Amino acid sequence: MLTHSQIWTAIDTLAQRHGLTPSALAKRAGLDATTFNRSKRQGADGHPRWPSTESIAKILAATGVGVDEFLAIITSEPGPSHLPFQFADHLTADAFDDEGRPQGAGWDRIEPLQGLRGDAFAIGLACDRFAPAYKQGDMIIASPSAPRRRGDRVLLLATDGSLMIGELGLETAMQVRLRGLSGEELPAHKTKDIRLLARILWLSQ
């Protein structure tokens with residue numbers, strides 16, 4: 001059974017993941033800026049007020065988040081106590097285990113966001129290689145277990161240590177194809193040559 005608190009916390013988490021306040025999320029979705037204000041979460045009689053399915057549909061469309069992922073946010077267990085962090089120019093293939101989880105002594109720790117998956121990690125960009133979409137100083141949070149769909153932005157780390165960021169194209173048991181951030185098609189990567197493929201969940205600029 002879904003609770004009133006779970007729904008509203010999920011909306012707050014969705015906004016936070018996209019670097020927005022609840023008011024800014026509402027505006028991006030074409031809603032009144034006060035739609036998700038805390039004062040709107042209870043009626044004048046003190047009874048809980050629920051967000052409409054229409055408003056939820058609009059914020060999912062505005063953020064590119066699917067219903068399945070939103071439900072996962074709603075029902076998520078308490079997140080990690082800390083978030084592994086490392087600069088991109090320090091990443092090597094052995095920084096992750098076979099399941100894509102950070103390993104080894106090279107990881108720092110930062111405070112996590114609400115509703116993150118337990119295998120989420122943060123990467124700091126130390127150069128402008130991925131500009132203008134991602135610039136030096138940006139921090140990316142990604143998860144290897146987050147559901148991936150065509151068009152999602154992902155982080156790919158090859159077994160030779162090379163790092164790529166792009167939009168997910170075809171993903172099969174044998175290969176993964178990405179589209180560059182400028183729209184160009186990139187060479188296919190054989191699955192056996194990929195150490196990590198993680199969906200980008202959040203960007204701090």
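The largest pocket of this predicted model holds about 430 Å³ of space. A pocket here is an open set of points on a 1 Å grid over the protein atoms alone, where a 1.4 Å probe fits and protein lies on both sides within 12 Å along at least five of seven lines; lining residues have an atom within 4 Å of a point. The volume is the space filled by probe spheres set on the points, which are joined across faces, edges and corners.

The lining of the largest pocket is made up of 19 residues, and those nearest its centre are H18, T63, I200, L201 and W202. Two or more lining residues come from each of helix 1 (4–17), helix 4 (67–74) and strand 9 (194–204), where helices (H or I, at least four residues) and strands (E, at least two) are DSSP runs numbered from the N terminus. Strand 9 contributes five residues, the largest share of this lining. By class, the lining has eight nonpolar, five polar and six charged residues; Ala, Val, Leu, Ile, Met, Phe, Trp, Tyr, Cys and Pro count as nonpolar, Asp, Glu, Lys and Arg as charged, and the others, Gly among them, as polar.

Leaving out residues up to four places away in sequence, Y134 touches L125, I140, R153, I165, L181, I200 and L203, contact meaning heavy atoms within 4.5 Å.

Two buried residues can be set side by side; buried means under 20% relative accessible area, with a 1.4 Å probe and protein chains only.

| Residue | Location | Relative accessible area |
|---|---|---|
| R41 | loop between helix 2 (22–28) and helix 3 (53–63) | 7% |
| S55 | helix 3 | 5% |

The side chains of R41 and D12 are joined by a polar contact of 2.8 Å. Beyond four places in sequence, R41 is in contact with H4, W8, D12, P22, F36, P48 and R49, while S55, counted likewise, is in contact with L31 and F36. A polar contact is a pair of N or O atoms within 3.5 Å; within protein, one must be able to donate a hydrogen and the other to accept it, and residues adjacent in sequence count only if both atoms are side-chain atoms.

Residues are numbered from 1 along each chain as its sequence is written, and side-chain values use heavy atoms, leaving out hydrogens and water. In this predicted model, local features need pLDDT of at least 70 and side-chain atom pairs count only at pLDDT 80 or more, whereas totals for chains, interfaces and linings use all residues.

Note on methods
Buried < 20%, exposed > 50% of the residue type's maximum accessible area, 1.4 Å probe, protein only.
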